[in-house]
Amino acid sequence: MPKEKQKKKRGSLGERRKKFSWLVPLASINLTLTLLSLSMILIFVATLEQVRIGIRGALAEYFESMFGIWYYPEQFWGGEFLNAIPIPIPGGYLLGGLLIVNLTAAYITRFQWTGKKMGIQLIHLGIIMLLVGQLATQAMQEESRMQINKGDSSNYIERFHGVELAFSDVTDPATEKVVTIPQQILEDGGTIRTSDLPFKIKIKHFGVNCDFTVTPEGSKRSGLVRDVNRGVGQTANLSVSLKDEDFSSEGLNFGYLVFELFDGTNSLGTWLSIAHPGGNHWWKESPKLSDFAFQPIRHQGKLWGVTLRSEREYLPYSIELLDVENEFYQGTEIPFNFESDVVLNMEGKQSRRALVYMNTPLRHDGKTFYQYQMNAAANYTVFQVIRNPSWLIPYIACVLVSIGLLWQFSFHLIRFLRKNSSSAQPA
Amino acid sequence: MNEKSSKKSVKGKIVLWLLILLGVYFAFLPNRFASSSVLDFAKGEPEAPTDSFDLEGFSRIPVLRGGRVKPIDSVARNTLLVLRNKRTALDDAGNKIPAINWFAEVLFNPDAGDRLKSFLIDHDQVLGLLGKKLSVDGKFFSYQDLEPHLSEIDSTAREAGKVEQEKRDSFDQNIIELYRSVLLYRKIKTTLSPPDPQLAPEMAKQLQVAEVLFDPENDKDLTAEFARFRELTAELSSRPGDIRMESADFAKVVFFLDHYSRMNLWSEFFAIPPESDDPKKQWRTIGESLVGKEPLDSQEKQKMDPSRFAITLQQLVSMKPEALKVKIRDIRENQKMDPTALFASQYAEAIKLRREVDPVLGLYENLKASYANDDFSTFNSTVAELRKVGTERAGEDASTLEFEKIYNGFEPFYRSSIAYVLIFLIAGVSWLAATYSTTLGRKGDTARLLRNAAYILTAIVLLSHTFGLAGRMYIEGRPPVTNLYSSALFIGWGAVLLCFFTEKYLRLGVASAMGSLVGFGSLVIAHNLSLDSSLNPTGDTMEMMRAVLDSNFWLATHVVIITIGYSTTFLAGFLGIAYVCHKFVLSLFGGSAKYGSKLMRSEKDAQRILGAMIYGITCFSLFFSLVGTVLGGIWADQSWGRFWGWDAKENGALLIVIWNAILLHARWSGIARIRGISSIAIFGNVVTAWSWFGTNMLGVGLHSYGFMDKAFNPLMYFILSQMIFIGMAYLPSFRSKPVVEASA
């Protein structure tokens with residue numbers, strides 16, 4: 001490498017190397033190559049594992065961790081024997097973090113800060129930004145959905161994953177009061193007291209996924225729901241069995257909660273509540289279970305409704321669905337357009353109309369609404385709602401990388417062409 | 001002496017020109033590999049013959065299939081491609097029947113069509129099911145051969161269909177494919193010849209429909225029946241009061257409405273062009289032209305409320321036509337969940353609004369009759385009439401029809417693939433010649449001549465390959481890469497183009513040879529992709545794009561750039577293979593032989609140059625794959641709301657980027673020299689093949705629309721072969737040679 005020779009010209013690199021001599025080993029290109037090779041393995045393994053545990057599972061196990069444990073798939077060649085050996089795979093946070101360190105160190109102690117090498121600097125700066133941006137995104141991004149029926153409007157979004165227990169006081173519809181208990185607290189279990197509620201809640205069983213069936217009348221329920229004596233769980237005679245969380249992208253997770261309410265030491269009864277993964281309004285489709293969206297409790301002259309539902313976030317604005325359109329190419333089942341015609345009623349009195357369709361989301365107040373699902377026959381649409389404060393970083397990074405690449409390769413190409421056109425046509 | 005060399009150069013020129021001519025012949029001129037040539041584009045359409053059927057003209061009639069208006073020729077070819085994996089059928093004697101002749105027979109003379117061998121069955125167990133043997137009966141069968149076994153095929157395929165897709169074995173897949181093929185054939189057959197209602201005579205009497213039904217004795221063709229049906233509906237619409245369940249006239253109309261609606265199920269393509277006042281440009285099948293399209297699946301009819309249906313229909317029919325149109329639109333918009341209202345709207349449209357039989361129906365009936373009677377002049381004039389009406393009513397959509405028909409026959413990719421073989425052979429011979437002259441210490445004029453020939457031929461083939469891509473772009477109105485098939489075409493094209501420029505500066509024959517190898521390979525892959533029934537169920541490689549992909553901007557940027565990235569990575573890998581082979585051959589013959597030292601000297605050059613080429617091309621790869629991947633991220637951010645989602649295909653692209661980065665960093669740091677670089681480049685082939693095909697096989701993620709599992713074994717063989725090449729680079733015999741490893 002010709003760096004040493006050019007030291008005299010500017011000296012800055014040499015000085016930096018001295019000043020940050022402790023960084024030199026971290027900047028080693030061998031380390032870069034090792035990290036890159038390990039990330040090849042990580043990405044390959046995590047892609048294979050998506051078949052088994054789904055994208056979300058692979059994310060949690062490999063990309064959003066320091067290391068993951070991989071078992072050679074049993075159905076592959078030699079799988080019967082190799083399957084037993086746990087193989088540690090360095091995780092995304094580990095490799096990503098180390099790459100950032102390695103690149104930054106190289107930036108300081110190996111790169112020449114000259115115009116001729118500016119391309120290299122820009123490329124690596126862009127790559128650092130991409131890595132940092134991805135780490136930030138995975139830490140901050142929130143994915144939710146919003147379902148609207150034609151003619152209606154909606155002012156809240158629901159998380160795809162994660163549930164909450166909601167009590168709403170509907171005694172006077174004008175002053176509806178809602179108290180929610182987030183999943184984290186439900187997971188901890190125990191007894192929950194809050195001054196907002198006139199009763200204590202004892203968490204008996206909670207899980208993120210379950211199987212439930214309506215058992216024939218008269219037969220005894222057992223296991224988790226043995227104690228349930230109030231609400232839908234009792235009237236529909238539901239039996240519930242445990243199920244692991246399904247991480248695949250199409251996976252449906254029915255969160256369940258068995259809880260007992262107390263007024264002082266006086267038990268009011270034990271309820272079962274199940275959250276529908278598509279949003280609790282879907283319970284309406286099954287008549288026997290429709291009350292899961294709202295199980296009434298009368299207590300001290302007040303009417304409360306309780307439900308376990310997808311975690312909600314209320315928005316200071318609302319979206320109204322005017323129309324949905326779903327068009328197919330003639331004579332085929334290939335869709336060529338999904339489109340929702342909406343009105344956005346903003347915080348003030350303003351409102352604006354918007355068309356949401358493929359590749360054209362609606363952006364408002366740091367959130368982006370994408371066309372996600374729709375059912376033109378049933379006249380509803382579902383938006384995927386994403387809040388990602390770091391969405392701009394990749395765009396900047398891309399610009400940096402592209403400029404850098406163009407800069408560097410045009411240098412090389414011109415030199416290559418010059419050299420070879422002068423010595424072209426070798427015998 | 002002087003005379004001798006000039007004589008030699010004249011001889012050389014003749015050889016050069018002959019080779020070039022051969023290339024032009026393969027790539028553009030009429031030959032036995034394709035049914036039309038570059039001349040046909042210039043000449044235009046031949047005059048219609050008077051003593052035979054004008055099938056040229058027939059093949060240009062516009063129809064709609066797979067969402068796209070295309071000439072009948074394309075439908076015929078694509079259907080045969082699905083049924084027989086070829087663009088021809090066979091007759092009893094084993095003669096090839098061109099697609100359009102086959103199609104005419106199947107449509108208009110089904111008895112003869114059923115005897116043509118149109119089906120490919122090459123799975124021994126499926127053959128066994130039909131009681132056939134590959135060695136005795138061959139692998140091509142006619143519909144007549146299959147007819148006695150239809151119920152077996154049907155029930156076995158149903159059984160196989162119950163097995164989960166991942167768990168189906170090759171028998172299951174083949175029987176399902178055969179079932180689909182038979183279904184496709186039958187639908188084609190009945191598209192223009194609707195099946196008759198199969199009514200028992202007593203039933204016909206009871207319904208009093210016998211006088212309306214087609215009577216082969218007295219009626220000229222089916223249009224007579226259609227006209228009588230129209231009379232019925234006209235009468236009924238003037239007496240809306242008769243629309244009740246007990247009315248005999250109403251029962252008659254309902255009978256025909258159901259019958260014609262059922263015909264829609266048995267149509268494979270849409271033959272009736274849009275009506276002139278239709279803003280949506282809706283093409284129709286014969287049934288739809290008569291009674292409109294069913295708003296829901298026929299099975300939903302069972303959910304109707306009969307009495308409300310009659311009342312609604314009566315109300316609708318008594319409305320004024322204009323008001324009725326508005327009302328029908330309103331029902332379809334706002335009562336989507338109400339089968340009763342929806343079907344009533346279809347029936348009302350059929351009774352009140354569809355007053356005339358479309359003349360195109362009559363034209364197709366004419367075509368059928370004149371074909372059966374060998375009446376050339378009527379057939380030919382009807383063809384002309386149909387084309388005129390069709391193109392007029394299709395408007396803009398039919399503008400590329402003429403071109404597509406000739407393009408189909410030109411087979412640019414088949415021609416190119418043959419010419420690529422020629423180039424590879426010439427380049428290979430040029431190396432032999434170079435080695436021969438080096439060992440004898442001569443100048444090597446022959447080698448230079450052959451290299452030049454390979455270079456010029458590359459330019460010529462590139463033209464026909466480019467023409468093939470441009471033709472697709474023109475017909476589709478899309479950027480070059482729209483699906484897996486076209487990505488293969490484009491990967492080959494990109495690699496050859498890059499090789500052409502490399503060869504311009506480094507006239508060694510290496511780039512020509514490797515370019516033609518990648519070009520040929522990718523065209524073969526493309527051909528096999530077009531035969532894959534799961535990827536390409538209609539046989540048309542120019543299918544429509546799903547909504548999320550329907551963005552010419554992103555297709556033109558992200559998809560094209562990432563595909564160039566694939567293409568250059570493959571090219572670098574193949575140059576790595578060239579290095580390994582070169583070295584292997586030299587180490588076999590060089591070392592101890594008399595001419596060894598001379599050969600070894602040339603090896604140093606080769607190493608230097610190949611090393612430089614791999615490096616340069618990998619720079620391109622990194623650039624394109626990185627930019628393409630990042631653009632993909634931006635597209636994903638636009639349409640799915642996240643820049644990066646660790647989707648299988650995204651990860652595959654990222655692997656290519658990282659691998660290219662590893663190669664370049666290994667070279668810059670001096671860790672890998674020419675042998676290491678070549679090995680890394682060869683492994684790049686594995687990484688790219690994984691990203692291109694392997695990720696689709698997982699069947700997970702958002703990009704899995706190109707799902708295919710037949711490619712699994714070829715992919716494994718490819719990976720194995722690449723590993724062998726890498727192994728060869730590290731053969732110990734290489735090291736023991738007294739050659740200093742040249743630094744790259």
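**Close-ups of a predicted two-chain model**

**View 1. Gly207(A) sits opposite Tyr256(A), a residue of strand E10(A).** This is a predicted model, where local features need pLDDT of at least 70, side-chain atom pairs count only at pLDDT 80 or more, and totals for chains, interfaces and linings use all residues. Residues are numbered from 1 along each chain as its sequence is written, with chains lettered from A and ligands numbered from 1 in the order in which they are written. Strands (E, at least two residues) and helices (H or I, at least four) are DSSP runs, numbered from the N terminus. Strands E7 (residues 200-207) and E10 of chain A pair antiparallel over 7 bridges; pairing takes at least two DSSP bridges between the strands. Strand E10(A) (residues 256-263) is largely enclosed by the rest of the structure, because 6 of its 8 residues are buried. Buried means 20 or more other C-beta atoms within 10 Å of a residue's own, exposed means 12 or fewer, and partly exposed is in between, with C-beta atoms placed from the backbone.

**View 2. The hairpin of E10(A) and E11(A) has 2 residues between its strands.** Here Gly264(A) takes a positive phi near 70 degrees. E10(A) and E11(A) (residues 266-274) run antiparallel, joined by 8 bridges. One of the pairings puts Leu257(A) with Ser273(A) in E11(A).

**View 3. Helices H4(B) (residues 72-84) and H21(B) (residues 401-410) pack at about 35 degrees, axes 8 Å apart.** The axes are lines fitted to C-alpha atoms over the stretch in contact, and angles run from 0 to 180 degrees between N-to-C directions. From H4(B) come Asp73(B), Ser74(B) and Arg77(B), which meet Glu404(B), Lys405(B) and Asn408(B) of H21(B). Contact means C-beta atoms, placed from the backbone, within 7 Å. By class, these contact residues are 4 charged, 2 polar and no nonpolar. Asp, Glu, Lys and Arg count as charged; Ala, Val, Leu, Ile, Met, Phe, Trp, Tyr, Cys and Pro as nonpolar; the others, Gly among them, as polar.

**View 4. The largest nonpolar core holds 130 residues.** Such a core is a set of buried Ala, Val, Leu, Ile, Met, Phe, Trp, Tyr and Cys residues joined through C-beta atoms within 7 Å. Ile423(B), Leu457(B), Met514(B), Leu571(B) and Leu575(B) touch the most other members. Helix H26(B) (residues 552-589) contributes the largest share, 16 residues. Leaving out residues up to four places away in sequence, Leu457(B) touches residues including Leu19(B), Ile20(B) and Ile426(B).

**View 5. Chain B meets chain A with 52 residues, against 56 from chain A.** On the chain B side, H27(B) gives the most, 11 residues. That side has 30 nonpolar, 15 polar and 7 charged residues.

Note on methods:
Two residues are in contact if their C-beta atoms, placed from the backbone, lie within 7 Å.
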